[in-house]
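Please keep the sequence and the model in view while reading.

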Amino acid sequence: SSKWGDQILLEAKILAVADVFEALTSNRPYRDSYSFAQAVEMMTEMPLDQGIVSALIEILPELETELCGRNPEKCWERLQ
């Protein structure tokens with residue numbers, strides 16, 4: 001018998017990581033958004049595919065550069 005994690009499609013795992021990252025870095029009625037750095041640090045403790053979280057961490061500088069132009073409030077150096 002295999003674990004549930006083995007049965008989840010890679011695409012679904014990627015979407016789960018992206019969804020959590022977006023949720024953490026977005027403002028909510030009950031809390032302000034977390035910085036990119038705070039979000040990925042929190043995600044390393046979550047039951048997510050940690051290989052995908054590691055890949056997100058690797059591209060974080062490039063992602064931040066891309067998103068900072070459109071959403072400056074999400075940039076971690078502006079929030080720390």
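The face of helix α2 turned away from its buried side carries the exposed residues Glu11, Leu15 and Asp19, where exposed means over 50% relative accessible area, buried under 20% and partly exposed in between, with a 1.4 Å probe and protein chains only. The model is predicted, so that local features need pLDDT of at least 70 and side-chain atom pairs count only at pLDDT 80 or more, while totals for chains, interfaces and linings use all residues. Residues are numbered from 1 along each chain as its sequence is written, and side-chain values use heavy atoms, with hydrogens and water left out.

The buried residues of α2 are Val17, Phe21 and Leu24, and they lie on the same side of the helix because they cover an arc of only 75° around its axis, taken from the directions from the helix axis to the C-beta atoms.

Val17 and Phe21 are, with Met43 and Leu56, the residues that touch the most other members of the largest nonpolar core, which has 13 residues; such a core is a set of buried Ala, Val, Leu, Ile, Met, Phe, Trp, Tyr and Cys residues joined through side-chain atoms within 4.5 Å. Its largest share, five residues, comes from α4.

The side chains of Asp49 and Lys13 meet in a salt bridge at 3.7 Å, N to O, the term requiring a side-chain nitrogen of Lys or Arg within 4 Å of a carboxyl oxygen of Asp or Glu. Asp49 is partly exposed at 27% relative accessibility, as is Lys13 at 22%.

Notes. Helices (H or I, at least four residues) and strands (E, at least two) are DSSP runs, numbered from the N terminus.
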